[in-house]
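Below is a brief report on a predicted model. It covers the contact between two chains, then one chain's fold, then two residues.

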Amino acid sequence: MSEPEPETAVVLTPEVVFRDYAPRIYYLAKRMLGNDADAEDVTQEVLLQVVRKLHTFRGEAALPTWLHRVTVNAALALREKRTNRSRRETSTGDDAVLEAGSIDPPSTVRLKRPHSSHTPDDIVLAEEQRAIIDTAIAQLAPTYRDVYVLADVEGLPNSEIAEMLDITLAAVKSRLHRARLQMRELLAPHFEEVAP
Amino acid sequence: MTEVTCDEFVNQLMDFLDDELTESVRIAVQAHLSICTHCGGLMATYCATITITRSLPRCPAPLPASMEQKLRAMLAAHPSG
C-alpha cells in the first residue's frame with residue numbers, strides 16, 4: 001500500500017493550524033497594519049474563526065486561500081474600527097501614497113541590487129536588510145500597502161487581490177504601480193551599484 | 001505612438017514589463033529606453049525593488065514568545081467546533 005499524500009495525511013487540529021499558520025497570519029497582518037498589537041488581535045480573531053470551522057475542512061489544501069481571505073478581511077475591519085474610533089482621517093486616497101512622516105532607515109545598511117537574471121529565490125536577505133524593506137512598506141499609505149503586500153510579498157495574482165479588496169483589476173494595477181514606484185524611491189538609496 | 005516622454009515611460013512601465021502594451025507602444029517605449037539613461041536606471045531599480053521584495057520571507061521569525069503563550073491559552077479555552 002502506498003503512502004497517503006502528505007496533504008491528506010495531515011489531520012487538522014488546532015495545534016497543527018497554530019504551528020503551520022499562526023506565524024503567517026501574524027506577519028501578513030503586521031505588514032498590512034504596521035504594528036504588533038493590531039496584528040496580534042487579528043491573529044487571535046482569525047485563529048478563533050479557523051478553530052470554529054475546523055470540522056468543515058477535509059484537508060489543508062483549501063486552508064491557505066481561506067486564511068488569506070479571512071486575515072485580509074479581519075485586518076481591513078480592524079483598521080476601519082481604529083480609524084472610526086480615533087476620528088481622524090487616514091491618508092488612503094489615491095493621491096496619498098505615503099503615510100505621514102518620513103522614512104529614515106539606517107543609511108549604512110546596503111541592499112545588494114539583484115542582477116536582472118536573479119529570481120527572488122536567489123536572494124537571501126540579512127535581518128537588517130529585511131528591516132529596511134519592511135520599514136519602507138510600513139511607510140506606504142494603507143491603500144497602497146495592502147495591494148503591495150498582497151501582490152509582491154504574498155505573491156497573489158491581481159485578480160484575486162481585486163476580489164479580496166473589492167476593487168477593480170485596473171485599480172489593483174494602478175495602486176500596485178504607484179506603490180512600487182514609491183518603494184523604489186525609498187529603497188533606491190540603499191541599493192549597491194551593480195558591478196560592471 | 002512615435003515617441004514617448006519620460007513621464008509617459010513611467011506610466012507605461014508596468015504594462016511594458018508585463019508585456020501588455022500594443023506593438024506600437026512597446027516599440028516606442030523600447031526606443032525611449034535606448035536613448036534615456038535616466039529611465040533605464042529607473043526601470044532597473046523598479047525591477048530590483050520587485051525582486052527584492054519578493055525575496056522577503058513571509059514569516060521572518062517565529063511568533064514572539066509572549067504572544068504564542070497568549071494565543072495557545074486562547075485556543076485551549078475555545079475547543080474546536
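Five salt bridges link chain A and chain B in this predicted model. One salt bridge joins the side chains of B:Arg72 and A:Glu15, with N to O at 2.6 Å. Polar contacts were also counted across the interface of chain A and chain B: 14 residue pairs qualify, both residues at pLDDT 80 or more.

Which elements give two or more residues to the side of chain A that touches chain B? They are helix 2 (14–33), helix 3 (36–53), helix 5 (127–139), helix 6 (142–153) and helix 8 (169–187) of chain A. Helix 2 of chain A supplies the largest share, nine residues. By residue type, this side of chain A splits into 24 nonpolar, seven polar and 14 charged residues.

The contact involves 45 residues of chain A and 38 residues of chain B. Together the two chains bury about 4,000 Å², and 68% of that area lies on carbon and sulfur atoms. For chain A, the accessible surface is about 10,500 Å², with 49% on carbon and sulfur atoms.

**Chain A**

Chain A has eight helices and zero strands. Read from the N terminus, its elements run α-α-α-α-α-α-α-α. The chain has 196 residues, and 45% of them are buried. Take the contacts in chain A between residues at least 6 apart in sequence: 72% of these join residues at least 24 apart.

| Residue | Element | Relative accessible area |
|---|---|---|
| B:Thr49 | helix 3 (residues 37–54) of chain B | 0% |
| A:Thr71 | helix 4 (residues 63–86) of chain A | 1% |

Is B:Thr49 buried or exposed? B:Thr49 is buried, because its relative accessible area of 0% is under the 20% cut-off. Residues of chain A touch B:Thr49: A:Tyr148, A:Arg180, A:Met183, A:Arg184, A:Leu187 and A:Phe191, setting aside residues up to four places away in sequence. Within chain B, a polar atom of the B:Thr49 side chain lies 2.7 Å from the backbone oxygen of B:Thr45.

A:Thr71 also counts as buried, because 1% relative accessibility falls under 20%. Which residues is A:Thr71 in contact with, leaving aside neighbours within four places in sequence? The contacts of A:Thr71 are A:Ile25, A:Leu28, A:Ala29, A:Val42 and A:Val46.

How values were computed:
Residues numbered from 1 in each chain as written. Chains lettered and ligands numbered in written order. Predicted model: local features only at pLDDT ≥ 70, side-chain atom pairs only at ≥ 80, totals over all residues. Heavy atoms only, no water. Helix = DSSP H or I, 4+ residues; strand = E, 2+ residues; numbered from the N terminus. Buried < 20%, exposed > 50% of the residue type's maximum accessible area, 1.4 Å probe, protein only. Polar contact = N/O pair within 3.5 Å; in protein donor to acceptor, adjacent residues only side chain to side chain. Contact = heavy atoms within 4.5 Å. Buried area = accessible area lost by both parts, 1.4 Å probe. Salt bridge = Lys/Arg side-chain N within 4 Å of Asp/Glu carboxyl O. Nonpolar A, V, L, I, M, F, W, Y, C, P; charged D, E, K, R; others polar. Areas by Shrake-Rupley, 256 points an atom, 1.4 Å probe, with all protein chains shown as cover.
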